[in-house]
Structures are given as C-alpha cells and as structure tokens.
Amino acid sequence: MCVPSYFCEEANGITYEVVEESQITLDNWIKKYDLICAKPIIISSFSMSYFVGFAVGSIFVPTLGDIYGRKKVFLINMLIAEATMIAIPFLPGGTEKQIIPLIALLLILGISNTGRVGTGFAYMCEIAPKEAGNMIGGVWNSLEGSIYIFSTLYFMKNKNWLYPQAMGNILFFLTIGPVLYVPESPKWLFKNKRYIECYESLLKMAKFNGKQLSIATMSFLFQKPKHGRKVRDLKINLSPDTSGKSLENQ
C-alpha cells in the first residue's frame with residue numbers, strides 16, 4: 001500500500017503528482033491546500049474545528065434562545081451560518097499555512113449551527129400542534145440522515161464539491177424566507193410573561209389557519225392571578241393547531 005510517508009520525505013527522492021482523471025481523486029481541501037504530505041493533525045483540523053465550535057456553542061447559544069427568544073436567536077445563527085457557507089468556496093487555496101481562515105470559518109459555522117439544531121428544533125416544536133411532536137422529531141432526523149445518503153451517492157458519480165455546497169446555500173435561503181413570517185413561539189412568550197405578544201402571536205397563527213381565538217383562551221392570557229396562584233404556576237398547551245383544526249380544542 002502506498003502511503004504519504006513513502007514519498008513525502010525529501011530523502012527518498014520521490015516526486016509525485018495528482019492524477020486528475022483518476023476515479024478516486026477528489027476535488028477537496030486536501031488538494032486545494034496541498035495537504036497530501038501535511039501532518040495528520042493539520043488534515044483533521046477541518047472537522048475538528050467544526051465540532052469544537054459546536055461544543056462551544058452548545059454551552060451558551062441555547063441559553064440565548066431562552067433569554068432573547070427562539071425566533072431571533074434562530075434567525076441570527078442561520079444568517080451567520082449562511083455567511084460562512086458562502087465565504088468558504090471563495091477562500092483562496094495554497095499551502096497548509098493558508099488554511100487558518102478556513103478553520104476559523106468552520107469554527108464559526110459549528111457555533112452557529114447550535115442555534116439551528118438546538119434553538120431551531122425547540123422553536124419548531126413549540127409552534128406546532130402538541131400531537132405532532134414525535135412526527136417532527138422523526139422528520140427532522142430523517143432529513144438530517146438523508147444528507148449523508150445524498151452525499152455518498154453524489155460523490156460516487158461526481159468529484160466536484162461546489163454543487164452540494166451551492167445546494168446547501170439554496171436550502172438555507174429557502175428556510176430563512178418563510179421563518180421571517182412565522183411568529184415568535186407563543187409558549188416562550190407566555191413563559192416570559194409577555195402576554196400581549198403571546199396573544200398577538202396566537203392571533204397571527206389563528207388567522208393563517210382561518211380560525212379565531214376562543215374567549216376562554218383570551219381571558220386566560222389576560223386574567224390576574226387568583227387564590228394566591230402565580231402566573232408562572234399556570235400551565236396551558238400553547239401549541240395552536242396549524243393543520244386546520246379549531247383552536248377551541250387546544
């Protein structure tokens with residue numbers, strides 16, 4: 001088996017070149033930054049920087065969603081992730097000394113993706129009907145898994161990584177657009193005692209489905225605590241039905 005150590009040592013007097021026509025030659029960062037003879041730690045820094053960023057982001061990004069709201073944190077992190085994904089293909093190649101900007105962008109991408117995976121998932125579940133929770137989780141994980149299936153099938157026939165990258169950017173834009181018109185999570189608003197905004201969020205969701213909020217729901221949102229109970233102790237399912245059912249039964 002031919003391994004880099006056989007031909008990367010100058011003392012061996014062996015020269016090498018990449019065979020572009022070979023079926024096993026990939027157009028990737030190893031080639032772009034001439035990392036064939038780089039140390040393993042340099043080569044592994046791509047994926048490592050992303051997962052380090054994801055681990056760091058998991059410490060504080062979900063908490064930001066609890067403090068400042070699901071929608072705002074989700075959108076900001078999606079825009080940051082989109083900016084990094086657009087910038088990565090335009091980075092100039094070169095030698096291993098030029099990979100620091102790429103590592104930095106992958107670190108930022110990892111941090112921002114915690115907002116997509118963590119805050120985004122909570123946001124999606126909180127604005128959906130309660131009974132759809134399990135289905136949402138299943139569909140989410142299925143779509144995540146399909147990315148790896150698609151990538152495997154794609155690279156069996158094509159070596160250019162720019163097309164999947166472009167598709168990822170398009171999907172980001174298709175996601176961000178509709179979210180701009182989706183209201184903030186009414187559950188989060190209620191939990192944070194922002195009852196007027198919670199009412200407006202529910203009203204917008206009801207209007208979208210051609211429904212009306214019940215008098216019981218409206219009175220519950222604006223009633224004062226009675227019999228010594230605090231508002232934070234009250235519990236209600238604030239997941240309006242977006243499939244066409246009446247809000248009266250929520």
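Is Phe46 buried or exposed? With a relative accessible area of 9%, Phe46 is buried (buried means under 20% relative accessible area, exposed over 50%, and partly exposed in between, using a 1.4 Å probe and protein chains only).

## Basis of the model

This is a predicted model, in which local features need pLDDT of at least 70 and side-chain atom pairs count only at pLDDT 80 or more, while totals for chains, interfaces and linings use all residues. Residues are numbered from 1 along each chain as its sequence is written, and side-chain values use heavy atoms, with hydrogens and water left out.

## Overall architecture

The protein chain contains 10 helices and 0 strands (DSSP runs numbered from the N terminus, with helices being H or I of at least four residues and strands E of at least two). Of its 250 residues, 33% count as buried.

Contacts are heavy atoms within 4.5 Å. Among those in the protein chain between residues at least 6 apart in sequence, 70% join residues at least 24 apart.

## Packing of helices 3 and 5

Helix 3 (residues 40–68) packs on helix 5 (residues 100–126) at an angle of about 40°, and their axes are 6 Å apart. Axes are lines fitted to C-alpha atoms, for helices over the stretch in contact, and angles run from 0 to 180 degrees between N-to-C directions. Helix 3 and helix 5 are therefore oblique to each other (angles under 35 degrees count as roughly parallel, over 145 as roughly antiparallel, 65 to 115 as roughly perpendicular and the rest as oblique).

The residues of this contact between helix 3 and helix 5 comprise 14 nonpolar, 11 polar and no charged. Here Ala, Val, Leu, Ile, Met, Phe, Trp, Tyr, Cys and Pro count as nonpolar, Asp, Glu, Lys and Arg as charged, and the others, Gly among them, as polar.

## Aromatic pairs

The structure holds 8 aromatic pairs (rings of Phe, Tyr and Trp, the last by its six-membered ring, with centres within 6.5 Å; planes under 30 degrees apart count as stacked, over 60 as edge-to-face and the rest as tilted). The ring centres of Trp29 and Phe46 lie 5.2 Å apart with planes at 50°, so this pair is tilted. Trp29 belongs to helix 2 (residues 29–32) and Phe46 to helix 3, so the pair ties together parts 17 residues apart in sequence. Trp29 is partly exposed, at 21% relative accessibility.

Tyr50, Phe51 and Phe54 are linked into a cluster by ring pairs.

## Surroundings of Gln98

Gln98 is located in the loop between helix 4 (70–87) and helix 5, and is partly exposed at a relative accessible area of 38%. Leaving aside neighbours within four places in sequence, Gln98 contacts Tyr33 and Gly93. The C-alpha atoms of Gln98 and Tyr33 are 7.3 Å from each other, although these residues are 65 residues apart along the chain.
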